[in-house]
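Please look at the sequence and the structure below before reading on.

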Amino acid sequence: MNDDACHMTAVDAVRAIIDGELTSAELVTACLARCAKREPVVKAWAHLDPDLAMAEARATDEALASGAEPGPLQGIPVGIKDIIDTADLPTENGSALFTGRRPAQDATTVALLRRAGAVIMGKTVTTEFAMSGAHGTTNPHHPAHTPGGSSSGSGAAVADFMASLALGSQTGGSVIRPASFCGIYGYKPTFGSISRARTFILARRLDHIGVYGRSLADLALIGDALMVWDPADLDMRDQPACGLIDAWTERVVKTPRLAFVKGPPWDYAEPHMPPLFEAYVDKLADAVTQVELAGVFESGLDVQVTVMNANLYANLEEYVERDAGKLMAETVRRVEAGRGISADAYIRALELADSIAGALDHLFEHYDALITAAAPGEAPVGLESTGNPAFQRIWTLTGVPTVTLPKLTGPNGLPIGVQVIGRAGGDAKLFRIARWLDERP
């Protein structure tokens, strides 16, 4: 058995499997051994069926041996956030209210992963309903610290080498923040790029599916497999595919125009963050201009909260009314926060969101990408909170693509991500620039 196979990036593992240097069964065995060793501490998995995962791995190996065309994710184990339906594993949405729920059909994302040759490793822990009620998943770098959320288990599983890739979701900051806290690569694509069909919906106006990997190329690989138009998600872009692997392969030959953006989120930054990022930006002096997000951007955080809370109340109020006793107190609090939002306040928030998106798009006429922090600081101590999503709210509200690069380290030795933001629909360009940044010291 190749005990170290679980440490490979997905791109390297696919290449090794296709070249006959590794089997999916060996890779999944290594990941399961890692789970057996670390899961009692990390608690990344809501549902893990080793026999099922091994059966899938052997089936992909047999298909490849019989001459089947290898898929882009051939034999790669992927963790699935437990708000995304799987026909052969429970999907309980992180809630006692859905204990034992067994979907009859895979979500579109899961079906696409299987089509690409991936092995569904298991279901990763999510906060209740992908909000903020945490379930005790720990940060692989230090178990006293949160891994972030709501995609807690997905971020932790990839960071701790239990799975090569994982799916998450983001309505506020639930993909990018765990990537930063766990020291891995995370990607939230342009809104409408990955289908949410048969995924628990919090806020249709804000919900994104995102992905985790241990390299930028890993994100491109799984992103290409998932960015397929699906009529079952009414908010999908007409042509979501954008050739991320091809874009990642293309080298940036001209120094990009980058803006290091400050603004409302930085009011929540830890004291060590400004000097840390000033030192980072100084290394990019040939490419970076500092830009203060003012004017209409000053309302961005509040607007996102209004839109999200109104949707939470509209979509989840029935659960609170019917079964509040089965829900976490944090979930009830979050849902109730939307009760008093009036229709006119919601409409004004949507109109402001359009204005913010327009102002942001104008900014991209002058810059190729924006960079900022991916979180307010290192992962906080304590497992009750998943951290502050302030550094993602504006980008989620406007639906622009963002990538987190694990470039920095905080004063306690924990990772801090650099968030790279692209223009809406400009995911391919974002990946080219993110690679340029990733390869800089």
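The report that follows goes from the overall fold to the nonpolar cores and then to a few individual residues.

The model is predicted, and its secondary structure comes to 14 helices and 11 strands. Along the principal axes, the C-alpha trace spans about 60 × 60 × 45 Å. A compact globule with 441 residues would have a radius of gyration near 22 Å, and the protein, at 20 Å, agrees with this. Among contacts between residues at least 6 apart in sequence, 78% join residues at least 24 apart.

Of the 441 residues, 61% count as buried. The accessible surface comes to about 16,100 Å², and carbon and sulfur atoms account for 52% of that surface. As for charge, the protein has 38 positive and 54 negative charges, whose mean positions are 2 Å apart.

In soluble globular proteins, nonpolar side chains tend to be buried together. Here the largest nonpolar core has 125 residues, of which Leu113, Phe129, Leu370 and Leu437 touch the most other members. Helix 10 (residues 300-323) contributes the largest share of this core, with 9 residues. A second, separate core has 10 residues, including Val158, Ile176, Ile184 and Ala374.

Phe129 deserves a separate look, and its place is in the loop between strand 3 and helix 5. Leaving aside neighbours within four places in sequence, Phe129 is in contact with residues that include Asn93, Phe98, Phe200, Leu316 and Tyr319. Phe129 counts as buried because its relative accessibility is 1%, which is under the 20% cut-off.

Phe129 has a positive phi although it is not a glycine, and Lys43 likewise has a positive phi without being a glycine. The table sets out their values.

| Residue | Phi | Relative accessible area |
|---|---|---|
| Lys43 | about 60° | 37% |
| Phe129 | about 55° | 1% |

Lys43 lies in the loop between helix 2 (24-42) and strand 1 (45-47), and with its relative accessible area of 37% it is partly exposed.

The loop between strand 3 (119-124) and helix 5 (152-159) also holds Ser150, which a cis peptide bond joins to Gly149, with omega about 10°.

Methods:
Residues numbered from 1 in each chain as written. Predicted model: local features only at pLDDT ≥ 70, side-chain atom pairs only at ≥ 80, totals over all residues. Heavy atoms only, no water. Helix = DSSP H or I, 4+ residues; strand = E, 2+ residues; numbered from the N terminus. Rg over C-alpha atoms; globule rule 2.2 N^0.38 Å. Buried < 20%, exposed > 50% of the residue type's maximum accessible area, 1.4 Å probe, protein only. Contact = heavy atoms within 4.5 Å. Areas by Shrake-Rupley, 256 points an atom, 1.4 Å probe, with all protein chains shown as cover. Lys, Arg positive; Asp, Glu negative; His and termini not counted. Charge placed at Lys NZ, Arg CZ, Asp CG, Glu CD. Core = buried A, V, L, I, M, F, W, Y, C linked by side-chain atoms within 4.5 Å.
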